[in-house]
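Q: I have not worked with this structure before. Please show me how to read its features one at a time.

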Amino acid sequence: MENIQAELRVAEERYKILFDNIPGATAIYKGKEMEIVMANAAMLGFWGKDESVIGKTLLEAVPELDGQLFIDLLQQVFSTGETYSTKEAAANYFIDGKMQTFHYDFTYRAFKDGNGNIEGIIHSAADVTALVKERWRAALAEERLNFSLQSAAVGTWNFDAVDNTISLDKIGKQLYGMSDGDVFAFEQTLKNIHPDDVRDVHTSVLGCLKEGNEDHCNFRFRVLNPQDEVRWLQCTGKAVFNTDKTVQLFAGIVRDITKEIAGIEAQRKLQIQKDNFLSIASHELKTPVTSIKAYAQLLEKMLKREGDVQKADMVARLTGQVNRLTVLLDDLLDVSKITNDRLNFQRDYHIFSDIVNNSIDDIASEEFTHKVVTELNFMGSIYCDSTRIGQVIKNMLSNAIKYSPGRDQVLISTKQSGNNLLVAVTDYGIGISEENRNRVFDQFYRVSNTEAYSYQGMGLGLFISAEIIRQEGGEIWVDSEENCGTTFCFSLPLINNIR
Ligand code: ADP
């Protein structure tokens, strides 16, 4: 007898170990009251209980189940014998001091005694809370994305490179002017595209799908709606490739940019009007200014001849001011020529040091405050437009003088470096801060600190100089340190140029 009891205990122990190690949570309830006969560690974990609940009814052990569906479902399985299975059911358990919701896939299966009567229920369950929450998060993220896209009137598209079809969402369809269905043959979408843009769209799409293309695609085109109104769309997206280089995904967004394009067009027209005005105004102003200069020079000569030195000197000053006005008008004219791509060059071979010396002479007749020190190490000739290059040098020299008040000299040097001629104009003046250094070559750019504004100028000289040097095949740059000085440099290519 004792042996039998001992064997029974061993068998029970084995059974318990087995039960505890069943993957997934399992519990066995007995009778209509659902007395807990067994519950493995996983199931106890779900409830937040320990083995002390064994022998209690399910409601005694887990009172928070009262009012939730489960007790009724268990009663139903107990009375009908029909297995009940469900997925992702929500259950509330009192865990860690608070009610929390979890999600389970579970099955209630009835088992019978030797007489065929239902004796109890086997409950097996799996916690799928993380999965459900992850799906919720993904759904929420998608909903938010859709909401944002819709609020911004952005459509989405997905190109199936195998079937050669495009799927469009609601806004995408509206933008393309497509109705029935969500998936369209690529050729079908091309029909709504402006005939002049079809080829470009085709080329852009093929470019995006080019094997291994890593770039985002971005192209604009016009679509026509049934009223023949033109609407501009912008498509952006990206193709993702499989390891065998076939297209895995090619998708992106599409948006209406008609208003932006209209704005750009209006701005372009305004710019053209402004350029035309500048060109006409500076041209018209030049004629009277040239006559004033001629008359002033004549008057100066006459006064000198009459021996009226004082008046002659005043007229000479007038001529000086007229010369400044001429330079300003020339700058304005040059800017409009640059904008219209009509800056003319009359090139020939010139001894470069002559160009430098002539420029210094021109400057010297107007600027008496600084001495221009020269270090001319390049003595060769160069094929260029000497007036234009002289214009660059004069601009750099007069800037060097203008922006170094209180100093008495500026330096100009030339030398050959490899296949280039290098020219540098140095001053010891106010300098240019790092952030402004590259912007000084922009049109109308003037350094906007109050000190710099007290200097006269229109912010055009360096813009014109940069364009001249670019068209002569060289480069222009600046080195500077604030309050120490500035060196403007340019290079001109010598290859096939030296004689
Ligand atoms: P501006 O007629 O105003 O001198 P520029 O195009 O010649 O026009 O120069 C643009 C700006 O660059 C100037 O307004 C000035 O702020 C800055 N700049 C040009 N040369 C110098 C220099 N040598 N030293 C300091 N700042 C300079």
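A: Start with strand pairing: two strands pair if DSSP finds at least two bridges between them. Helices (H or I, at least four residues) and strands (E, at least two) are themselves DSSP runs, numbered from the N terminus. Residues are numbered from 1 along each chain as its sequence is written. The model is predicted, so local features need pLDDT of at least 70 and side-chain atom pairs count only at pLDDT 80 or more, while totals for chains, interfaces and linings use all residues.

Q: In which sense do strand E6 and strand E11 pair, and over how many bridges?

A: Strand E6 (residues 154–160) and strand E11 (residues 247–256) are antiparallel and share six bridges. To find one of them, take Val154, whose bridge partner in E11 is Arg255.

Q: How many bridges join E6 to strand E7?

A: Four bridges link E6 with E7 (residues 165–168), and the two strands run antiparallel. Asp160 has Thr165 of E7 as its bridge partner. The hairpin of E6 and E7 has four residues between the strands, and Asn164 in this hairpin takes a positive phi near 60 degrees.

Q: Which strands pair with E5?

A: Strand E1 (residues 25–30) pairs with E5 (residues 118–127) in the antiparallel sense over six bridges. Tyr29 has its bridge partner at Ile121 in E5. Strand E4 (residues 98–112) also pairs with E5, antiparallel and over nine bridges. E4 and E5 form a hairpin with five residues between them, and Gly116 in its turn has a positive phi of about 85 degrees.

Q: How do I check the length of a helix, for instance H5?

A: The expected span of a helix is 1.5 Å times one less than its number of residues. Helix H5 (residues 129–151) has 23 residues and should therefore span 33 Å; the end C-alpha atoms are 32 Å apart, which agrees. After H5 comes Ala153, with a positive phi near 55 degrees.

Q: Is H5 buried or in the open?

A: Count neighbours: a residue is buried if 20 or more other C-beta atoms lie within 10 Å of its own, exposed if 12 or fewer, and partly exposed in between, with C-beta atoms placed from the backbone. Of the 23 residues of H5, the number buried is zero, so H5 lies largely in the open.

Q: Is Met34 buried or exposed?

A: Met34 counts as buried because 24 C-beta neighbours lie inside 10 Å. Met34 sits in the loop between E1 and strand E2 (35–39). Its phi is positive, about 60 degrees, although Met34 is not a glycine.

Q: Is Asn483 buried or exposed?

A: Asn483 counts as exposed, with 9 C-beta neighbours inside 10 Å. The loop that holds Asn483 runs between strand E17 (475–481) and strand E18 (485–493). Asn483 has a positive phi near 65 degrees, in a residue other than glycine.

Q: Where is Asn344 found?

A: Asn344 is in the loop between helix H10 (309–339) and strand E12 (348–351). Asn344 is exposed, with 8 other C-beta atoms within 10 Å. From C-alpha to C-alpha, Asn344 and Leu278 are 18 Å apart in space, and they are 66 residues apart in sequence.

Q: Which domains does the assignment give?

A: Domain bounds come from an automatic or database domain assignment. For this protein the assignment gives domain 1 (2–128), domain 2 (152–256), domain 3 (262–339) and domain 4 (348–493). The C-alpha centres of domain 3 and domain 4 are 22 Å apart. Seven residues from domain 3 and seven residues from domain 4 make up the contact; two residues are in contact if their C-beta atoms, placed from the backbone, lie within 7 Å.

Q: Which residues come nearest to the ligand?

A: A residue is near a molecule or strand if its C-beta atom, placed from the backbone, lies within 6 Å of it. There are 22 residues around the ligand, and Tyr403, Val447, Gly457, Gly461 and Leu462 come nearest. Helix H12 (386–402) and helix H15 (461–471) each supply at least two residues of this shell.
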